[in-house]
Amino acid sequence: MTPVSYFPHKNNEMFVENIALSDIAQHVQTPFYCYSSTAIETSFQAYKNAFSSQDALICYAVKANSNQAVLATLAKLGSGADVVSMGEIRRAITAGIPADKIVYSGVAKTEEEIHYALSLGIFQFNVESEPELELISKVATSLNKTAAIAFRINPDVCAQTHAKISTGKAENKFGVPISKARIAYKRAASLPGIKVQGVDVHIGSQLTSLAPFEEAYQRIAELVNELRADGHEISVVDVGGGLGITYLDEIIPSKQSYADLVKAQLGHLNCKIIIEPGRSLLGNAGILVSSVVFIKNGEERQFLILDAGMNDLIRPSMYEAYHQIIAVNKGANELKTYDVVGPVCETGDTFAKARQVHKSDAGDLIAIMSSGAYGSVMSSSYNTRMLAPEVMVKGNEFAIVKKRPSYEEIIKQDIIPSWL
Ligand SMILES: *Cc1c(COP(=O)(O)O)cnc(C)c1O
């Protein structure tokens with residue numbers, strides 16, 4: 001799936017499935033996120049088909065995009081959920097994902113969160129440290145429950161991705177070092193309220209090569225054999241997420257070749273496989289639609305000033321991420337070179353420098369592509385800008401799946417103390 005697969009131009013006009021984006025923009029003021037339901041379904045089915053010869057459960061990584069409409073779309077197709085907070089568990093359950101398809105990751109699960117997850121009966125805790133293990137044991141015992149656990153293993157491999165989304169090196173905060181894994185499992189087996197069930201690994205995000213996965217899964221397979229020799233029953237291997245997407249011209253291994261790699265490295269263990277894709281399901285299923293507020297002629301550059309900013313989509317300023325920027329109406333045949341910036345009072349509020357975009361005027365619509373994952377979920381109301389609404393399209397229909405708040409709603413969250 002390329003960034004424009006589900007957002008094609010027809011007669012110079014950008015469409016989402018069968019609807020012209022300009023039609024949606026008339027109903028929903030910019031900026032707004034727009035998702036293609038068919039794109040989400042298609043990429044989920046691609047994973048399902050790729051893993052059809054394996055006992056695999058797809059647990060969508062909710063943090064990539066946690067809108068209820070997105071989760072409900074995936075729930076209907078049989079998806080489970082990989083969650084990292086009580087809030088995400090609640091979102092998953094509310095959207096119809098059953099508790100027994102939920103795996104719970106994250107380095108800082110609190111007692112309250114563990115209590116909640118145990119009371120629901122989730123499939124597995126992916127435990128990131130020994131103190132967390134002890135806490136889960138304590139809470140499980142007090143509830144007279146058993147927590148099925150896997151340790152998240154830090155295999156010390158380089159994911160060859162951006163430093164801020166690389167998680168599988170020894171220096172990262174995630175997981176139990178592979179060298180300490182056997183001690184951790186021994187401790188787990190001795191604790192009340194704990195059932196050792198699996199092994200988990202997640203080495204990073206936006207991986208564009210299979211090589212780091214191969215290295216990690218090789219180490220995990222060896223570890224599973226060692227753990228079994230130590231007497232543990234390991235029936236689940238959670239291989240994490242992390243397969244990348246094409247933002248510009250990255251060539252991403254197919255889901256099938258990824259599935260084949262998992263089978264080749266781990267198939268002989270006869271474990272249930274959990275996969276936790278996020279970006280690769282949602283990234284190219286969504287865009288951020290914005291309007292040009294002004295064209296500003298600087299001394300050296302032309303600025304295309306948008307009504308969307310870093311508060312709406314932080315990836316360019318946070319990760320130096322590249323997003324294609326495309327005029328919704330390509331009527332002007334001429335391309336111009338712009339610095340594409342937002343309204344926020346930070347120099348970092350820049351989507352692209354010296355980028356070629358069709359010549360645009362104030363009021364024109366601009367699409368920031370590949371924004372379906374880690375877009376809306378990372379947004380904020382910095383500069384007291386309203387959170388962008390979200391729209392989902394299916395065929396000839398569209399629906400607002402998250403509405404824009406009012407200024408009253410934003411401001412009334414603050415409370416002036418009585419003594420002021
Ligand atoms: C973020 C995350 C994922 C999803 O990563 P993607 O790169 O979006 O596929 C999966 N598992 C864990 C534990 C994560 O933290």
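Tutor: Residue classes come first: Ala, Val, Leu, Ile, Met, Phe, Trp, Tyr, Cys and Pro count as nonpolar, Asp, Glu, Lys and Arg as charged, and the others, Gly among them, as polar. Here, the shell around the ligand comprises 3 nonpolar, 6 polar and 5 charged residues. The model is predicted: local features need pLDDT of at least 70, side-chain atom pairs count only at pLDDT 80 or more, and totals for chains, interfaces and linings use all residues. Numbering runs from 1 along each chain as its sequence is written, and side-chain values use heavy atoms, without hydrogens and water.

Student: Which residues are the closest to the ligand?

Tutor: A residue is near a molecule if one of its heavy atoms lies within 4 Å of it. The ligand is surrounded by 14 residues, the closest being Lys-63, Ser-205, Glu-276, Arg-279 and Tyr-374.

Student: Which side chain has an N or O atom 2.3 Å from an oxygen atom of the ligand?

Tutor: A polar contact is a pair of N or O atoms within 3.5 Å. The side chain of Ser-205 provides the atom at 2.3 Å from a ligand oxygen. For a ligand nitrogen, the distance is 2.5 Å to an N or O atom in the side chain of Glu-276, and 3.2 Å for Asp-82.

Note on methods. A polar contact is a pair of N or O atoms within 3.5 Å; within protein, one must be able to donate a hydrogen and the other to accept it, and residues adjacent in sequence count only if both atoms are side-chain atoms.
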